[in-house]
Amino acid sequence: MSKIAIIGDTHLLMQFHEKYDKFAEFKQFIDQVKSAEPIAIALLGDFVDKRQSLQGRLITWGEGSEFQVKIEKMIESTNITWFAMNGNHDDERVFPSIEKGTKNFKTVAITKYGENGSNISPVEIGNVNAWFAPVPHDAPAQVTKEAFQELAKRKSAFTKNRKRHVLFLHVNMIRRGQETGIDDDILDIVASNFDKIINAHEHVYEVHRKKKNIVYMPASFPTWVVKNRGFVKKYEYKAGSLEESTKFKNPFGYLMLDDETLDVEFKEFTPTMANVEVKYDVTGVNIPQVRSDWQIIAKLVHDDLVATGILKSVLVLPVLTGTIEPAISFTINNDITTVFNGFKNIYVNPFVADENLVQPSIDIDQVKNERLPTKETAFQNTRAQVDAIVKKLREKKITVDPAKIKDIITKIEAAENTFFVEKAKNVNAAKYIGGSIENLLPELNDTFNISLDMASIDPVLTSAMKATKAKSTKKEG
Ligand SMILES: [Mn+2]
């Protein structure tokens, strides 16, 4: 009795989190696979990815090839033969190129449009005939049906040996709405012809609920952050406490296929980082509330998963529900991130909306009449406060000429300042203002904390004055 390891959906060049090193993780992962002593490794695609966003720009396959040597060495270190088929995220040039540099890596199928499986033959691995079928992942139902009929025909005509037949695929199989997935009657064409069917791409280990010989395979380790996929646990925050919505479940790992019984075993791989979801109701909250709530949330998630040693690090995905005020939506990601900066081994992702989240849209004319000021009203208000600012500073034994403050305000106003228009597009206000006045008044820039303080410029001016004063005092001293 021998076992074949089946791996896939590693997405090595897709960023999960900047602190998560997929190459280091991949090494750990294949070491674990190797220690299970499979006779071969079947790699079912979405291995490296065509493109990834690196520091905000897309890198091409050419740039990605700098990782190739690293990957090839890791594959070689297993001393096990790899049989590989690419997925929809892999550039079709990558696998043949890895094969050239790696003696134990064999490209057995290249998935691309127009492929229908009509010219493939199985690879004998142990006691099975392994059919790697390069059927496109999102082909129209009729195309998939014809490809499956072709595969069934070829399998029926196969007489070379009496081994059992396993079909490997990388397609959208699970029904998710009208457009995605394959109907049971089409699946039946292969389910009734092959002894076992293993489909990558779904990132979840599951046996088809009707056709028990169809198995979906798990992702090796975290891929990217999407709501409702790939999480290890879900929580909901309610009135100061964090309720568990799901039990901890590690969805990552690989499959071991018994080459005699064709039994499939899911082997867990515990990643060094995984994400959880926290549902949070934003109705009626203000910024101090957001910060104190998330202080509690971060602490509780940390205590539950990191302090207990279940995971080395955790990435939290805030899932917002309720009604979000514009004033909160502009800064909530920053406010939450600020809280997490105080924790070790726990990180936070930008929020996503729950299906019920109401986000009132803002148009610039409407903003004029609401509490978010326009550029004009913000500067008007601030000018009206100059005397008060001078008075406050005097109480702190700082003497400032009101004309100087007016001068600073005029400089800010005169600077290229489309912030109040950009704000409607959800641009981070603190960063925008910080950037636009940086050259004018570096001391001011230091003092920006949260953007909404800018709605009234006086607290910013106050602390800027302090900073200026402190600096000049130092110099004099
Ligand atoms: Mn895929």
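**Close-up views of a predicted model**

**View 1. Strand S15 pairs with S16 in the antiparallel sense**. Strand S15 covers residues 253–258, and five bridges join S15 to S16. Strands here are DSSP runs of E with at least two residues, helices are runs of H or I with at least four residues, and both are numbered from the N terminus. Two strands pair if DSSP finds at least two bridges between them. Opposite Tyr254 stands Lys267, in S16. This is a predicted model: local features need pLDDT of at least 70, side-chain atom pairs count only at pLDDT 80 or more, and totals for chains, interfaces and linings use all residues. Residues are numbered from 1 along each chain as its sequence is written.

**View 2. Six strands form an open sheet with mixed pairing**. The strand order is S6-S5-S2-S1-S15-S16. At the edges are strand S6 (105–109) and strand S16 (264–268), each of which pairs on one side only.

**View 3. Asp9 has a positive phi, near 55 degrees**. Most residues other than glycine have a negative phi. Asp9 lies in the loop between strand S1 (3–7) and helix H1 (22–35). Asp9 counts as buried because it has 25 C-beta neighbours inside 10 Å. The cut-offs are 20 or more other C-beta atoms within 10 Å for buried, 12 or fewer for exposed, and partly exposed in between, with C-beta atoms placed from the backbone.

**View 4. His203 has a positive phi of about 60 degrees**. His203 is not a glycine. The loop between strand S10 (196–199) and strand S11 (206–207) holds His203. With 22 C-beta neighbours inside 10 Å, His203 is buried.
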